[in-house]
Amino acid sequence: MPSHARSALLIALAALLCAAAPAAADTPVGASAKGTPVVADSGYAAWRGDDGRLVVRAGGGGARTTSLRPPASAVFDVGARRGGGGAQVAWTESCSTRSHACAVRSALLRGSGTLTASVVAHIPYHGGGSPALAVEGSRLAYTLRDGSCDVPYVRTSPGGSSRRLDRGHCARISQLDLTSTWVGVLAHPPVTYGSGATEARVVPVGGGASRTLQREAQGEESNFIGSIAFDGSYLYTSRAGIRQANVFTRWNPSTRSRSDARAFVDLQGAFSRDRGRMYYAQAEGQEGTGSCPCVVVGGDDPWAVATRLLIPALALDVTPQPVFVDSDPSAVVALTRQAVTRTALSGAPAPVPGVPVELLAATAGGTSDPVPTPAPTGAVATTGADGTATIPIPGSPVPRRFLAATTQAASTGAAIPTADATYVQTYVHVTASATRQADGRLQVTGTIAPAQPGRKVRLDRDLGRICDGGASTTGALTPPNQIGVPVGCFDRYTQDPVTTAAVSADGTSYTLVAPASAPAGTYSVSLDSPRGAPVYAGQTAGFAAP
């Protein structure tokens, strides 16, 4: 089994920011459910927290959970305050095909205090789910379902007339953004094959031709535009997916010129930008099952700084390897921070010292059970000058264990988990001695400690060493038959055993006899891995046979 079992570490990330970020550094600021949008404007950012309430961040200050709880399906937006001097958050609710209307609620954002929302407008509604909405001062942009199409409209609130935009395009619209000049549209037009497409469009506020700036088609290797956001005179998009994904793009709507900046993290789709600060949802353990924990980040402008820092990344290794039942293994965690430019990594990751890190652990049940979610152990250590901390693994040895780690939120603004759960397999000691009998058969005998009655052993032959100068085994599980193998190399053994046998009745020894056709060379003996309850693995180092 691979050393790192991909799993969604369902870690509750704190929605708090204890201090402003240092210059030119991304900082985790809170938790966001998978797929939840993050919107920003006029010095404020907002996203939906794990309990459905809106979390608001004012400038570079702390993230604060408000009392506002828009409907789960509602699209919300942050824009300039009516009359200027601040920001507001707006959303639709009480949408009814009977009354053919939705209520638009708005709340003025403040750096502190309880926020209250009031109805500021009613917009038409023809069904099709919650309409997309954008707000900027007294101007509203919204969508109205027309048959199978969503059509954007603009109106001035209160009491202004509505103007229909983007004629001739039929698509589902999931997001709008608004400036005094343009309406930005995130559209999902129908396609004749594949799983869909996403398009970033702009339409003049006063009406006119729609411009499609970016299109991402989805198929076997899907890409998608996660979100759009206006900042100043530019439209920004985030592209996630599989192929050439994780890219921020800046568009000039007038000239259609573009400039890309790689994210260097796994984007989850949610993205916004305001006053040069980037906000996005960064996936952790994204290939696991269940919900995906995402870190909402306020990052620096890749178009304004030559080099920026990503949020710290936490990795975990186990030493010594292999792990035996009578050894005293420890988890070694490393917290590093990578500097990047718009197009490339900048140097090696730098260590992050002085951060408390807690070890998480879980014991596997049956071998066919799903990967368990590691839970806090209470074992904590602080990273040193080299960014690493060694944490002794608490508790008695077990055959199968999964480990993870997380920083403490008070030190990094929000808890930063390892992206994977590290699988730790514990071995019993198995020895081997090989002799060639008079009839040419190969006999291998050995001992097993502690005893493993009822088990079987198998004999495998080394087929040769494979080396790749670019490969790294850092953080990888080291089985006993790989002891002494150089970094970047792997000794390949037979998949079908040369021979098998049952261990002795007391489980402390074994005897294997291979046919005379078994050639001289390097061999390894290992215990079987029966289905059902977990058992200790056992394996010898590679040994020479005459």
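1. Ground rules. The model is predicted, so local features need pLDDT of at least 70 and side-chain atom pairs count only at pLDDT 80 or more, while totals for chains, interfaces and linings use all residues. Residues are numbered from 1 along each chain as its sequence is written, and side-chain values use heavy atoms, with hydrogens and water left out.

2. The sheet. Look for an open sheet of four strands, in the order β19-β20-β21-β22. The pairing is antiparallel. Strands here are DSSP runs of E, at least two residues long, numbered from the N terminus. Two strands pair if DSSP finds at least two bridges between them. The edges are β19 (223–231) and β22 (258–262), and each of these pairs on one side only. From one strand to the next, the twist averages 20°. Axes are lines fitted to C-alpha atoms, and angles run from 0 to 180 degrees between N-to-C directions.

3. Strand β21 covers residues 247–251. Five bridges join β21 to β22, and the two run antiparallel. Thr-249 stands opposite Asp-260 in β22. As background, strands of a sheet pair through backbone hydrogen bonds.

4. The largest core. The largest nonpolar core has 20 residues. Such a core is a set of buried Ala, Val, Leu, Ile, Met, Phe, Trp, Tyr and Cys residues joined through side-chain atoms within 4.5 Å. Buried means under 20% relative accessible area, exposed over 50%, and partly exposed in between, with a 1.4 Å probe and protein chains only. Among the residues with the most contacts inside this core are Leu-442, Val-457 and Tyr-510. Elements giving two or more residues to the core include β35 (421–430), β37 (442–449), β38 (456–467) and β41 (509–514).

5. Which residues does Val-457 contact, leaving aside its neighbours within four places in sequence? Its partners include Thr-499, Ala-501, Val-503, Tyr-510, Leu-512 and Val-525. Contact means heavy atoms within 4.5 Å. A second, separate core has 19 residues, including Val-318, Val-323, Val-333 and Val-424.

6. Disulfides overall. The structure holds three disulfides. A disulfide is a pair of cysteine sulfur atoms within 2.5 Å. Counting bonded cysteines along the chain, the pattern is 1-2, 3-4, 5-6.

7. Cys-95 to Cys-102. The sulfur atoms of this pair are 2.0 Å apart. The link is right-handed, with 120° about the S-S bond. Cys-95 counts as partly exposed at 28% relative accessibility. Cys-102 counts as buried at 1%.

8. Cys-149 to Cys-170. Here the sulfur atoms are 1.9 Å apart. The link is left-handed, with -90° about the S-S bond. Cys-149 lies in strand β13 (residues 149–156) and Cys-170 in the loop between β14 (162–164) and β15 (172–178), so the pair ties together parts that are 21 residues apart in sequence. Cys-149 is buried, at 14% relative accessible area. Cys-170 is partly exposed, at 31%.

9. Cys-467 to Cys-489. The S to S distance is 1.9 Å. The torsion about the S-S bond is about 110°, so this disulfide is right-handed. The pair links distant parts of the chain, with Cys-467 in strand β38 and Cys-489 in strand β39 (residues 489–493), 22 residues apart. Cys-467 is partly exposed, with a relative accessible area of 49%. Cys-489 is buried, with 14%.
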